[in-house]
Structures are given as structure tokens and as C-alpha cells.
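Biologist: Hi! Could you walk me through this model before I start on my own notes?

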Amino acid sequence: MTPVPPVVTPPPAAPVAAPVASSPELPPVAPPVPVAAPAPVTPPAPITPPPAPVAAPAVSAAPPAPAPERKGWLDRLKAGLRKTGSSIATVFTGTQIDDALYEELEEALLMADTGVKATTHLLADLKRRVKDSKTTDPAAVKGLLADALADLLRPLEKALVIGEHTPTVIMVAGVNGAGKTTSIGKLTKHLADEGAAVLLAAADTFRAAAREQLGVWADRNTVEIVSQEGGDPAAVSFDAVTAGKARGKDVVLVDTAGRLPTQLHLMEELKKIRRVVTKADATAPHEVLLVIDGNTGQNALAQVRAFDDALQLTGLIVTKLDGTAKGGVLAAIAQERPIPVYFIGVGEKLEDLETFNAREFAQALLS
Ligand SMILES: Nc1nc2c(ncn2[C@@H]2O[C@H](COP(=O)(O)OP(=O)(O)OP(=O)(O)O)[C@@H](O)[C@H]2O)c(=O)[nH]1
Ligand SMILES: [Mg+2]
């Protein structure tokens with residue numbers, strides 16, 4: 001491929017202005033770039049390329065213990081999933097555990113986008129739990145269902161680890177409007193809060209507005225962005241990874257344009273981005289994330305399959321769970337294509353990205 005001159009926009013409020021690369025070549029040496037984390041106390045430590053990552057950030061996505069601030073968003077998640085919760089809850093309002101209860105539950109789970117396979121699995125598992133515990137109270141069955149669901153979802157719980165590679169290159173894909181760019185903005189804050197230096201790559205070169213949108217998130221987070229007017233998305237990604245290496249960034253986040261899995265030429269374009277990123281760094285991409293809109297129902301599963309087949313996904317971000325999502329699709333994914341859910345999106349603001357916890361999610365869904 002032909003190297004294309006990157007347009008590097010430095011963060012607007014960087015305390016030490018990194019020299020703007022005015023030459024058409026990639027910056028030859030890593031300039032002392034301040035870590036743009038919003039921690040005011042930390043002096044801008046110059047990053048020397050070879051030694052271990054700045055704070056050896058093993059950013060863990062799975063929280064050891066739920067912090068108090070998790071409560072606020074949990075309420076939002078519960079509110080978003082309320083419809084599912086209440087339709088499942090009515091199943092358990094009867095006086096006995098009988099076939100009618102299980103039939104109603106089956107219907108409610110299917111309505112919640114759980115899909116046939118996961119629903120069948122959950123019902124069989126639940127019946128076993130009811131039998132083993134000799135439960136006779138329908139209200140107690142709800143708790144057993146929460147256990148069954150949490151167990152089904154648990155394999156999706158995984159921490160996003162950065163720091164093993166410098167930079168950790170994370171490619172982000174998904175259908176149009178799924179929430180890719182917003183999630184990248186939120187993820188940038190999450191990573192910066194952990195002390196990681198992040199570089200954004202505007203590989204959605206399809207629309208000028210897409211570059212600008214990512215630029216806004218870069219500004220909000222005070223991080224640098226590599227973009228290019230009307231360029232080739234693979235070339236932008238290549239430049240970004242190269243720049244990330246040169247500047248000792250901890251993470252390079254690559255935003256791509258939305259596309260449907262049926263648009264084969266666009267899926268080929270994604271594969272090309274992936275290949276070209278590997279040319280810039282033989283070990284990259286280290287993560288390939290699919291962003292899915294929690295409202296898309298069973299179609300989300302089709303998206304997971306198609307993007308996984310094309311790109312070998314390493315993780316998912318499920319967005320808009322604060323809205324009208326039914327939530328059951330995560331069970332379907334766990335059953336049929338268990339790819340880790342690193343984060344869930346529960347709003348449009350910077351802080352509205354949360355790590356996924358199977359137990360919390362099961363409880364929110366059934367609350
Ligand atoms: N309520 C809510 N809205 C969200 C969430 N994530 C994203 N959105 C909104 O969804 C819309 C689309 O988000 P984008 O981030 O632009 O989606 P995208 O996947 O980058 O879109 P394209 O690049 O056009 O394919 C925006 O209005 C976002 O504010 C979320 O977790 N909750
Ligand atoms: Mg976008």
C-alpha cells in the first residue's frame with residue numbers, strides 16, 4: 001500500500017503542545033507527549049519508547065467489587081430493561097408452578113429476544129433448579145431464573161486488558177448507527193481514567209461529519225486524533241498505528257464506518273483495514289470489537305455471526321441498554337456465539353459506559 005500523509009490534530013488543551021507534524025512524513029521521533037489523562041496532579045511524564053507501558057496499565061474491565069457509583073447506571077439499566085422485567089415478573093404471580101407457568105415464561109423470554117436455543121436451555125436449566133431445590137413457591141422461581149441466566153451469561157464476562165502490547169490496537173466495527181463512535185469516545189475516557197495514553201484513528205472516511213464527530217470526542221477527552229480528508233480507511237489506520245508506536249501511545253482506537261454484513265465490498269474493506277493494521281504492527285490488531293445496538297433484537301445475533309466470520313471478533317460492546325432494549329439478546333449470544341461483552345452502553349454521555357457483569361445484568365433484566 002502507499003503511505004499517505006496523516007493529518008495529526010494535537011489535543012486542544014494539551015499542557016505541553018506536541019509539535020504538529022507539518023511534514024508529509026510520519027513524525028520521525030516520538031515527541032514528548034503528555035499523557036492526556038485528566039489527572040491534574042500527575043506531571044506530564046515523557047514517554048520513552050522501549051520500557052514497559054507508562055503505568056503498566058492492566059486495565060481491568062471486570063470490577064473486583066461493585067463500586068458505589070455503579071448503582072446509578074444500574075438503575076438506568078433496570079429502567080431500560082423494565083418492559084422485559086415486568087413481562088417476565090407477571091409469569092411468577094400465580095399460585096403454583098405448572099406447565100402454564102413454564103409456557104408463559106417461554107413466551108416472555110422469546111419476546112425479550114432470547115431466541116429459541118437460549119430459551120430452551122434456560123427453561124430446562126430452570127426446571128432442574130426447581131426440582132433440585134424442591135421449590136413450590138412461584139415467586140422463588142424468579143430467583144432461580146436469575147441464577148440460571150447469570151450462569152448462562154457468565155462466559156461473556158471478560159476484562160479488556162491493555163498493556164501487553166504498546167500500543168494496544170483496538171479496531172471497532174458495526175452496522176450504521178450502532179454507537180461505535182460514541183462508544184469509542186466513552187472508552188477513551190475509561191482508558192484515560194486508568195492512566196492510558198490514547199490515540200484515535202478516524203478510519204470512517206466515508207463522511208466528513210464522521211471525522212468531525214470523532215474529533216469532538218477527541219477534544220472532550222483531550223487526546224490526539226489521526227484523520228485524513230477523503231482518504232482510504234486502511235491508510236488512515238496504518239498511519240495511526242505507526243504514529244501510536246512512534247509516540248509511545250498505550251492504545252490506538254480505530255473507528256470505522258458503519259456497514260451491513262450484506263454489503264460484501266464494505267466487509268472486504270474492513271478485512272483490508274485489519275490486514276493493513278497488521279502490516280503496521282505484526283501483532284495488531286489486538287482487539288477487534290463489534291458494537292451492537294441493544295435494540296436490534298435477534299438481528300444482533302446475525303450481526304455477531306457475520307462480523308465474527310469476517311473479522312474474528314475478540315469482544316463486543318452492547319449499546320443503548322438504557323433505552324427500550326429487551327436485553328434477552330445477550331442470552332442468545334451467550335448460547336450461540338459467546339464472544340465476551342467488554343462493555344455495555346447505558347447512555348450518550350462520556351461516563352455512560354460500564355463493564356459487563358453477568359449477575360448484575362441478570363438481576364437488572366429480571367428486576
Ligand atoms: N441512549 C443511548 N444512545 C446511544 C448510546 N450509544 C450511542 N447512542 C446514540 O446513538 C446514535 C448513534 O451513535 P454513533 O456513535 O454515531 O453510532 P455509529 O455506530 O458511530 O454510527 P455510524 O458511524 O454512522 O455508523 C447517537 O445519537 C448516539 O448518541 C447508548 O448507550 N445509549
Ligand atoms: Mg460512527
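Predicted model: local features only at pLDDT ≥ 70, side-chain atom pairs only at ≥ 80, totals over all residues.

Biologist: Where does Thr222 lie?

Modeller: Thr222 is in the loop between α7 (208-221) and β4 (224-227). Its phi is near 55°, a positive value in a residue other than glycine.

Biologist: And what about the phi of Lys320?

Modeller: Lys320 has a positive phi too, near 60°. Lys320 sits in the loop between β7 (315-319) and α11 (329-336).

Biologist: Is Lys320 buried or exposed?

Modeller: Lys320 is buried, because 22 other C-beta atoms lie within 10 Å. The cut-off for buried is 20 or more.

Biologist: Which peptide bonds are cis?

Modeller: One of them is the bond from Thr166 to Pro167, with omega near -5°. Pro167 belongs to the loop between α5 (138-153) and β2 (168-173). The bond from Ala284 to Pro285 is cis as well, with omega near -5°, and Pro285 is placed in the loop between α9 (264-280) and β6 (287-293). For background, most peptide bonds are trans, and most residues other than glycine have a negative phi.

Biologist: Changing topic: how many residues surround ligand 1?

Modeller: There are 22, and the closest are Gly179, Thr181, Thr182, Gly258 and Gly345. By class, the shell has 11 polar, six charged and five nonpolar residues.

Biologist: Which helix gives the most to that shell?

Modeller: That is α6, residues 180-193, with three residues.

Biologist: Let's stay with α6. How far apart are its end C-alpha atoms?

Modeller: They are 20 Å apart, which agrees with the 20 Å that the 14 residues of α6 should span at 1.5 Å a residue. The helix is also largely enclosed by the rest of the structure, because 13 of its 14 residues are buried.

Biologist: What follows α6?

Modeller: Gly195 does, and its phi is positive, near 95°.

Biologist: OK, now the largest nonpolar core. Which residues touch the most other members?

Modeller: Leu200, Ala201 and Leu253 do, in a core of 100 residues. Helix α8 (residues 233-246) gives the largest share of this core, seven residues. As a general point, nonpolar side chains tend to be buried together in soluble globular proteins.

Biologist: What does Leu253 touch?

Modeller: Leaving out residues up to four places away in sequence, Leu253 touches Ile170, Val172, Ile184, Leu187, Thr188, Val198, Leu200 and Ala201.

Biologist: I also had my eye on Leu122. Where is it found?

Modeller: Leu122 is in helix α4, residues 116-133. Leu122 counts as buried, because it has 22 C-beta neighbours inside 10 Å. With residues up to four places away in sequence set aside, Leu122 touches Leu109, Ala148, Leu149, Leu152 and Ala331.

Biologist: What separates the C-alpha atoms of Leu122 and Leu149?

Modeller: They are separated by 6.9 Å, while the two residues are 27 residues apart along the chain.

Biologist: Last one, for the whole chain: how many helices and strands are there?

Modeller: The chain has 12 helices and nine strands. Of its 367 residues, 48% count as buried. Among contacts between residues at least 6 apart in sequence, 79% join residues at least 24 apart.

How values were computed: Residues numbered from 1 in each chain as written. Chains lettered and ligands numbered in written order. Near = placed C-beta within 6 Å. Helix = DSSP H or I, 4+ residues; strand = E, 2+ residues; numbered from the N terminus. Nonpolar A, V, L, I, M, F, W, Y, C, P; charged D, E, K, R; others polar. Core = buried A, V, L, I, M, F, W, Y, C linked by C-beta atoms within 7 Å. Buried ≥ 20, exposed ≤ 12 C-beta atoms within 10 Å, placed from the backbone. Contact = placed C-beta atoms within 7 Å. Expected span 1.5 Å × (residues − 1).
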